[in-house]
Amino acid sequence: MTVTLHVDKFAAYLRMLKDRSGQGYERLGRRAGASGSSLHRYCSGQSVPADYRVVHSFAKVCGASAEELRELHQLWALADAGRVEEGHAEAPVVPATAPPAPAADVTPRRRRGYAALAIAIMILLAGGLVWVTADGSEPPPGRYADRVLFSPACQPPVSMGQHDECVTEVQNLLVAAQGRLSVDGSFGPETLRRVTAFQVMAGLPARGVVDEATKNALYDRRTSLAAWPGPVVEQRIRAVFTEAPDTAVAIARCASFLDPLWVLPNTNGSRNWGIFQISDARLLDLGGTPRQAFDPVWNIDAAHRLWSAHHDFRDWPSCSAALQDPRSH
């Protein structure tokens with residue numbers, strides 16, 4: 001089963017890191033901020049942690065490299081997506097004892113009618129001629145009517161590092177949702193950013209892999225990635241940062257290229273969101289969410305609140321070069 005395969009690969013990678021470290025579960029747990037029994041369950045494939053930060057901390061104390069951390073994140077995302085999808089599946093309810101069929105006088109003509117109806121239904125289903133959407137309507141005509149992402153070739157979650165028609169379909173759907181990205185059939189950092197942004201805007205867990213829920217949302221075409229263009233973003237920044245407009249614009253351009261839906265990961269497993277790349281920790285301090293961080297008005301106002309605490313841009317140390325010559329950026 002695909003779900004089990006992803007979990008097994010994830011667990012095997014964790015075991016490799018653990019064995020290489022030469023440390024026991026209890027000691028690793030104390031250093032990673034998790035219980036030894038929890039780490040044992042993860043490494044044995046009995047469960048998948050819902051929060052990647054636990055995985056990241058474990059890998060760091062095991063001495064994982066940057067490349068290994070990237071590979072581990074992909075394995076975790078696939079395993080976690082499969083775990084959630086499997087958890088939503090419900091087994092059919094089967095009565096312990098089937099009730100006896102009522103006696104009925106079924107004439108040959110009625111039997112022939114039932115048989116014809118059953119055959120018609122079987123032909124429709126076998127031929128795949130009928131798609132039913134959530135609201136009972138037919139799917140929209142055109143290139144998305146065949147729903148490529150639900151073909152056997154695209155059944156596993158589409159993820160980072162993949163190069164095929166499944167990625168091309170994802171990219172086309174993101175462009176149809178007014179996302180800004182190239183359609184090249186390669187699932188790289190640009191596609192990862194847009195998939196993550198789409199998941200946030202659609203109210204889905206931001207795993208960065210195209211799982212079943214994300215596929216459905218992409219085809220529903222109810223989620224938009226339309227965002228303010230750069231000149232409008234710059235105008236708003238200057239209106240809010242009246243004390244240091246040039247520097248504020250330079251910081252934002254350095255952080256996100258003035259893209260309201262920009263997403264970047266941190267080395268500790270968290271992520272930065274929006275124009276001023278507000279981190280998960282800062283969002284918690286500000287009482288915000290990734291969805292709010294994608295709102296240019298909220299993001300710029302929140303950045304100004306951070307600036308106002310000390311009247312400087314110490315919250316953006318990685319863009320210190322922009323502070324030296326704002327107009328050069």
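How much space lies in the largest pocket? About 1100 Å³. Its volume is the space filled by probe spheres set on grid points, with points joined across faces, edges and corners.

**Before you start.** This is a predicted model: local features need pLDDT of at least 70, side-chain atom pairs count only at pLDDT 80 or more, and totals for chains, interfaces and linings use all residues. Residues are numbered from 1 along each chain as its sequence is written, and side-chain values use heavy atoms, with hydrogens and water left out.

**Stop 1: the largest pocket.** A pocket here is an open set of points on a 1 Å grid over the protein atoms alone, with protein on both sides within 12 Å along at least five of seven lines; a cavity is a set where a 1.4 Å probe fits but cannot get out; lining residues have an atom within 4 Å of a point.

Helices (H or I, at least four residues) and strands (E, at least two) are DSSP runs, numbered from the N terminus. The largest share, 10 residues, comes from α5. By class, the lining has 18 nonpolar, 13 polar and 10 charged residues. Ala, Val, Leu, Ile, Met, Phe, Trp, Tyr, Cys and Pro count as nonpolar, Asp, Glu, Lys and Arg as charged, and the others, Gly among them, as polar.

Stop 2: Strands pair if DSSP finds at least two bridges between them. Select V263 and W273: they are bridge partners.

**Stop 3: the second largest pocket.** Its volume is about 260 Å³. Select N272, Q277, D315, W316 and S318, the closest to its centre among 16 lining residues. α11 (245-256) and β3 (278-279) each supply at least two lining residues. The lining divides into 9 nonpolar, 5 polar and 2 charged.

**Stop 4: the cavity.** The count comes to 1 cavity of 30 Å³ or more. The largest cavity has a volume of about 50 Å³. Which residues line the largest cavity? Select F10, L14, L39, Y42, C43, P49, V54, V55 and F58. α1 (2-21), α3 (36-44) and α4 each supply at least two of the lining residues. By class, the cavity lining has 9 nonpolar, no polar and no charged residues.
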